[in-house]
Structures are given as structure tokens and as C-alpha cells.
Amino acid sequence: MTTEQQTGAGPLPSSESETQGKDAAIPWVGIFWFVMQAGRPELLTCHTPWPEAEDYGDFKTEAMAHYDFWPRLRNRLKLMGEYEDWPRGRVVYHVHDEIFTAYIDRQLASDSFRAAILEAFHLPPERTRFAFDAHYSGAKFKVSGQPASFGAPPTC
């Protein structure tokens with residue numbers, strides 16, 4: 001982890017009843033990739049609402065691993081390469097600090113990729129930081145351009 005951005009305070013919604021009548025959705029934790037589809041980077045995710053996520057020490061995280069989910073994505077979307085070949089990352093929630101961290105490949109450092117992650121995972125910008133992690137670096141394939149609008153995510 002080397003870079004952090006955008007953190008803040010305030011209660012997070014933890015149930016649908018807390019978000020009814022509000023613009024805020026329950027933030028998600030999960031795994032993701034950006035892959036090139038039709039000449040544009042497309043965000044693919046596997047996610048869980050943070051209150052329902054797996055406990056991992058002081059964190060809430062998606063139980064699905066990149067290497068387990070990738071074969072299904074690759075087959076369904078006719079993608080090339082292995083799970084570590086495309087820029088990827090993971091969003092986790094630190095329970096005590098009430099902060100989300102998106103661990104990302106350095107290719108995803110631009111504002112447009114960060115904005116796509118914030119939108120897709122319903123993350124509050126003031127409570128989210130981005131960090132580089134060696135585990136999510138070294139993708140073989142490059143992504144460039146403006147990410148496609150986030151659509152219906154694949155189901156994990």
C-alpha cells in the first residue's frame with residue numbers, strides 16, 4: 001500500500017431501511033477487473049453489500065477470490081488471458097475506522113477509473129481511499145480510454 005485518497009467521517013447505511021427515500025445505496029465490497037471490450041475499458045465485478053460480507057480480521061470483504069471467479073467470466077464473456085493478466089483490484093471495509101479501501105493496479109490510478117469504481121460499488125467518496133498493492137500490480141494487458149458506463153454486473 002502506498003497511496004491513499006479521500007477519507008472522511010459519518011455513519012454509513014447498513015440496511016435497506018436506512019437508505020429508503022435517500023439517494024445513498026448500501027456500499028459494496030468485492031473484487032473487480034477492467035478489461036477491454038469493444039475498444040473501451042469495461043468494469044467487471046463480484047460484490048456483496050458490506051454488512052453481509054465475510055469477516056476477515058478487522059475488515060469486511062468479498063469471499064470470492066479472483067482466481068475462482070475468473071474462469072466463469074472468461075468463458076461467459078470470451079475473454080483472453082488469466083485472472084492476473086488484466087488490471088484488477090479489491091474493495092474492503094475497515095470496520096473500526098469505517099473506511100473503504102480500494103486496492104488497485106497502478107493502471108487504474110486516473111480519476112476516470114477511480115470514479116467508475118466509486119460508482120459501481122456505491123462507495124461514498126469521503127469515506128473511500130485508494131491504495132496501490134503489489135498483489136494487484138503487474139497486469140500483462142493494458143486498458144486505456146474512458147471506462148464504459150457501469151451496467152449490470154456479472155453474478156458471482
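**Rings, strands and a core**

Author: Let's start in strand E7, where Ala-131 is the bridge partner of Tyr-103. The model is predicted: local features need pLDDT of at least 70, side-chain atom pairs count only at pLDDT 80 or more, and totals for chains, interfaces and linings use all residues. Residues are numbered from 1 along each chain as its sequence is written, and side-chain values use heavy atoms, with hydrogens and water left out.

Reader: How do you know that E6 and E7 pair?

Author: Count the bridges. Two strands pair if DSSP finds at least two bridges between them. E6 and E7 (residues 128-132) have five, in the parallel sense, so they qualify. The strands themselves are DSSP runs (E, at least two residues), as are the helices (H or I, at least four), all numbered from the N terminus.

Reader: Why is the unit of E6, H3 and E7 called right-handed?

Author: Look with the strands pointing away from you: if the path from the first strand over the helix to the second runs clockwise, the crossover is right-handed. E6, helix H3 (residues 111-120) and E7 make a β-α-β unit of that hand.

Reader: What makes E6 "mostly covered"?

Author: Buried means under 20% relative accessible area, exposed over 50%, and partly exposed in between (1.4 Å probe, protein chains only). Six of the six residues of E6 (99-104) are buried. Ile-99, Thr-101 and Tyr-103 point one way, with Phe-100, Ala-102 and Ile-104 pointing the other.

Reader: Why do you call H3 largely enclosed?

Author: Seven of its 10 residues are buried, so the rest of the structure largely encloses H3. Among them are Phe-113, Ile-117 and Leu-118.

Reader: Is His-122 buried, partly exposed or exposed?

Author: Partly exposed: its relative accessible area is 31%. Lys-78, in the loop between H2 and E5, has 70% and counts as exposed. Each has a phi near 55°, a positive value in a residue other than glycine: see Lys-78 and His-122.

Reader: Why is the pair of Trp-33 and Phe-69 called tilted?

Author: Rings of Phe, Tyr and Trp (its six-membered ring) pair if their centres lie within 6.5 Å; planes under 30 degrees apart count as stacked, over 60 as edge-to-face and the rest as tilted. Here the centres are 6.3 Å apart and the planes at 35°, so the pair is tilted. Trp-33 is in E1 (residues 28-37) and Phe-69 in H2 (residues 66-77), so the pair ties together parts 36 residues apart in sequence. Both residues are buried.

Reader: What makes a nonpolar core, and which residues touch the most other members?

Author: A core is a set of buried Ala, Val, Leu, Ile, Met, Phe, Trp, Tyr and Cys residues joined through side-chain atoms within 4.5 Å. The largest one has 36 residues, and those touching the most other members include Trp-33, Ile-104 and Phe-121. E1 gives the most to this core, with seven residues.
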